[in-house]
Amino acid sequence: MLRRRQIVTGVFVVIGAAVLGFSLRIEPGSGWFYVSTLVLASVWILGAFTSGPLHLGRIGHAERLRRPVLSPILLGAAMVGVFVFGALLIREIPLFDPLVRQIQSVLDYTVEGPWPLLLFVTAVNGVAEELFFRGGAYAATPRYPVPVTTVAYTVATLATGNVMLTFAAVLLGVVVGLQRRASGGILAPILTHLTWSISMLFLLPLIFL
């Protein structure tokens with residue numbers, strides 16, 4: 001079972017990286033961008049469920065085990081605060097202008113399309129990434145799963161050629177990886193990822209555009 005998980009996740013990491021790299025090379029505003037991002041989500045979801053069973057996880061609370069809900073959302077909100085502070089900082093420092101341009105190149109997609117559709121693809125891909133990386137890939141890694149899945153997530157993001165997206169992948173990967181280890185499942189990582197990614201979708205354009 002473990003060997004099967006490892007083979008499946010390895011194959012789907014390569015496929016997902018290729019699709020991700022392609023999607024961010026499509027002209028902003030093109031309908032193909034939304035098609036490609038949904039294809040990417042399908043790749044992650046298919047890879048996750050093909051690899052084997054997934055678990056939501058539980059955390060101890062008042063001497064009972066419960067599904068983690070509030071704490072992951074609060075952690076996601078805290079990450080939003082950190083990223084917003086960092087965004088405001090680099091915006092004001094000329095040395096970081098090349099990084100600002102990379103952020104703006106991603107944000108171009110947020111101003112060229114209808115926000116309900118952007119919200120939908122952002123949410124779907126956030127869930128799909130956690131199903132795969134903190135679900136299937138994590139379960140396929142018997143030793144050091146947090147750093148290994150963070151590296152895999154980062155390598156997949158490197159396909160975009162965008163330094164800032166890759167940097168965000170490292171930080172997010174570590175946080176949700178630790179949540180996966182603490183809770184034993186994917187629910188906490190999903191909630192944190194959604195809180196962070198949806199907030200960034202609406203806040204970053206206000207800072208950089």
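So, Arg 91 and Glu 92: their side chains meet in a salt bridge, at 2.9 Å from N to O. By salt bridge I mean a side-chain nitrogen of Lys or Arg within 4 Å of a carboxyl oxygen of Asp or Glu. Keep in mind that this is a predicted model, where local features need pLDDT of at least 70, side-chain atom pairs count only at pLDDT 80 or more, and totals for chains, interfaces and linings use all residues. Residues are numbered from 1 along each chain as its sequence is written, and side-chain values use heavy atoms, with hydrogens and water left out.

Buried or exposed? Glu 92 counts as exposed, at 52% relative accessibility, while Arg 91 is partly exposed at 36%. The cut-offs: buried is under 20% relative accessible area, exposed is over 50%, and partly exposed is in between, with a 1.4 Å probe and protein chains only.

How many salt bridges does the rule give? Two. The other pairs Glu 130 with Arg 134, whose closest N and O atoms are 2.8 Å apart, and here both residues are buried. They sit four residues apart in helix α5, residues 115-139, so about one helical turn separates them. Helices here are DSSP runs of H or I, at least four residues long, numbered from the N terminus.

Why pair up at all? Because side chains of opposite charge can do so when their charged atoms come close.

That's it from me, thanks.

Definitions and conventions:
Helix = DSSP H or I, 4+ residues; strand = E, 2+ residues; numbered from the N terminus.
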